[in-house]
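Please look at the sequence and the structure first.

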Amino acid sequence: MGDNQDLRLARIDHVELLSSQSGSLYQSREFTDVTFVVEKQRFKAHRIILAARSDYFRALLFGGMRETNPANEIEITDSSSSAFDALLKYIYTGKIFLGEYCPEIVLELLSLAHKYGFLALESAIQGYLKAILDIKNVCQIFDLSSFFQLQDLFASCLDFMDQNASEVLSTDSFSMLSKNSLIEIIKRDSFCAAEVQIFRSVADWINANNEVTEKDIKEVLGQVRLTLISLNELFHTVRSTRFFDADAILDAIKVKTESQVSEMNFRGHLVRDENIPISLCGSEVMECEKQLLETDTVNYELDRGFSRHLIAEGDKGICIALSRPSIINTIRMLLWDKDLRSYSYCIEVSMDNQDWVKIIDYSKFLCRSWQTLHFNPRVVRYIRVKGTYCSVNKVFHLVHFECLYSTKPFKITKDAVIVPQENMAVPSASASVIEGVSRSWNALLNGEIKSYDWNSGYTCHQIGSGSIVVQLAQPFFISTMRLLLWDCDNRSYRYYIEVSNDRQKWNRIVDKTNEDCRAWQYLTFDPQTVTFIRIVGTQNTINEVFHCVHFECPASETEPEPCISINTMLPDNL
C-alpha cells in the first residue's frame, strides 16, 4: 500500500497549468518575434513555439526562406482571421472548443490543420464534423473531405447522403459542389432518388457554374440514367433543357421499351449489415402463408412455424416483397430441419415482379438447415425462393428468411458457391454426421481434440461395410480437409475420401489405401464444390474398425494442439 502511494506522489502532472500559462503568453503577445497578416488583421506569435508544434512552421520560420527574417510579416491568404486565430490558440494550449465556431470556420480550421500537419487536430475535427452532419452542411463537408482525401469523413458523408438523397438534392449547397464531388455522389447505385430529380439538380449545377467546360458538362451528364426517367418527363423536362440531344433521348426510349427490366441500371437504398425484410417497415410475404419474416427460429414444429409451397411445375414458390428497392448481396434462410431431410432450391430476384433473374441455383445440391448465400451486389424489390426437391415429400418448407448488404468480406465462385475461409464442418454451421457410430452426437465435428480415449470422443465404422459421412449445410468450394485419426497407441490406418453433392455420384479426392497413416492428416486436392464427404477406412493394424476423432473442411490454418492421450488397457474391439 505504501509503495503504491509513493508512486502516486512521484507522478507530477501539470499539463493544465502549462496549457494555461502558454495560452496566457499568446494572449499577452509578450516576447513575440513573428507576425502573420490575415484579412488585414495582425497576429503576433513566437517562432520557437510554432516550430516546436509543427514541422511546417519549423521549415517556414527557420529554413532560410524570406519568412525567416523577423522584420518580414507573413501574409496568409487562404484562411479567415477567425479560423487562424482558433488555430493559434490550439497551438499554444492544445485545446479548442469547436462548438463555439460556426461550421464554416470549423471547415476552415480543418483545412489549416491539414495544411500545417496537425494530424491529431485534423482527426478530432473529422470526428466532430461526422457528429454534426446535416442536410445543409453535408455537401460542403464532403467537398472538403474529397479534396483532402479524408477517407473516413468522405465515407460518412456518402452514407449520410445515401440516406437523405432527395433532401440533399434540394439544397442550395448541392449546386456549389466541385465537379469531381458531384460525380462521386450521383454515379453510385446507392444514391437513390427519383432520376428526374437528379437530372434537375444536375441541370441547376450546370447553370450555376458558368466556368465549367463542355467536357465537364458531358462528364457530369453521363452519370444521369435517362432510362430510369419516365417517357413523360423525358419529353417535357429533359428535352426542354437541351442538355441531351434528340438521339440520346431516343436511345433511352428504345432501351426502356425494348430491353428487359432486369437489364436496367437501377438505384437502390443501401443499409449495411441490417436485415431488410421487416414487416413493420412494409415488407411482406406474397403468394403463401405469412409466417416467414421475424419468425421464431427455435420453436417450430411439424405443423407450424414455417412457410411452404408445393414442389410442382408452374408453382411460383415463396415470394418476398421488400418495402423499397434495396441493394443486397447476402441472403440467410432456415430450411425446416427437425429431421435429416434435405432440399434443393433456387432463388430469383426482380424489380417489377414480372422479369426475374436467377441469382442462386442450388437445384443440383442437397441442402439442409441454415443457408448463408452471397452474391454480387444488386438492386432488388422482389425475392422468390423456389424449392425444386425434398428428400421426403413434394413440399418445400422455409422457416425464416433474411436479406441484407453485408460488409464482411466473402469469396464466391461464378456460380455463387462460397469459398469458405474457415471450417464449415461444425454444428454451428449446420453440418452434421449422417453416417457413422459414436457415443455422442456429432463428436466428429464438435472441436474436442484434447481428451479422447478407447471409450469416447471418436466416430467409427466397421471396415468392409459402412462409412463415416458428413453433410455440410450447403455446397462449398473446397480444396483442403483435415482429420485426426485415433492415436492413443501405435496403430495405423488406411482410408480414402469421396465427395458428392447429391449422395448419388461420388468422386474420390483422397486415396490413402496404400499408405500407413496415423494421427493428424492434412489433405489437399483440386478445388471443387462439396456438400457430402464420405470417409471410408480400409485397414486398421489392430482390428477391423476405423476410428476418426475430428474432421475439418476446409482445414484450419492453425496447427493442431498436442492431444492428451489417456493410457489405459484397451478392449479387443477398439
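## Helices H12 and H14

Helix H12 (residues 195-208) packs against helix H14 (residues 231-241) at an angle of about 15°, and their axes are 11 Å apart. H12 is therefore roughly parallel to H14, a label for angles under 35 degrees, with over 145 counting as roughly antiparallel, 65 to 115 as roughly perpendicular and the rest as oblique. Axes are lines fitted to C-alpha atoms, for helices over the stretch in contact, and angles run from 0 to 180 degrees between N-to-C directions. Helices (H or I, at least four residues) and strands (E, at least two) are DSSP runs, numbered from the N terminus.

At this packing, Val196, Phe199 and Arg200 in H12 meet Glu233, Thr237, Val238 and Thr241 in H14; contact means heavy atoms within 4.5 Å.

## Basis of the model

This is a predicted model, in which local features need pLDDT of at least 70 and side-chain atom pairs count only at pLDDT 80 or more, while totals for chains, interfaces and linings use all residues. Residues are numbered from 1 along each chain as its sequence is written, and side-chain values use heavy atoms, with hydrogens and water left out.

## The S2-S1-S3 sheet

Three strands form an open sheet of mixed pairing, in the order S2-S1-S3; two strands pair if DSSP finds at least two bridges between them. Strand S2 (41-45) and strand S3 (74-76) are the edge strands, each pairing on one side only. From one strand to the next the twist averages 30°.

Strand S1 (residues 34-38) runs antiparallel to S2 and is joined to S2 by five bridges. Phe36 stands opposite Phe43 in S2. Helix H5 (residues 81-93) lies across S1, S2 and S3, at about 10° to S2.

## Nonpolar cores

A nonpolar core is a set of buried Ala, Val, Leu, Ile, Met, Phe, Trp, Tyr and Cys residues joined through side-chain atoms within 4.5 Å. Buried means under 20% relative accessible area, exposed over 50%, and partly exposed in between (1.4 Å probe, protein chains only). The largest core has 77 residues, and Phe36, Leu50, Phe57, Phe84, Ile91, Phe118 and Met161 have the most contacts inside it. Apart from this core lies another, of 44 residues, among them Leu444, Ile509, Val510 and Val530.

## Other strand pairs

Strand S7 (residues 343-350) and strand S8 (residues 356-367) run antiparallel and are joined by seven bridges. Val349 stands opposite Val357 in S8. The two strands form a hairpin with five residues between them, and Asn353 in the turn has a positive phi of about 65°.

Strand S14 (residues 459-462) is joined by two bridges to strand S12 (residues 437-438), in the antiparallel sense. S14 also pairs antiparallel with strand S19 (residues 545-552), over four bridges. The bridge partner of Thr459 in S19 is Cys548.

## Backbone exceptions

Most residues other than glycine have a negative phi, and most peptide bonds are trans. Asn442, not a glycine, has a positive phi of about 60°. Asn442 is in the loop between S12 and strand S13 (451-452), and is buried at a relative accessible area of 4%. Arg503 has a positive phi of about 65° and is in the loop between strand S16 (493-500) and strand S17 (507-517). With 35% relative accessibility, Arg503 is partly exposed.

The peptide bond from Cys553 to Pro554 is cis, with omega near -5°. Pro554 is in the loop between S19 and strand S20 (564-565).
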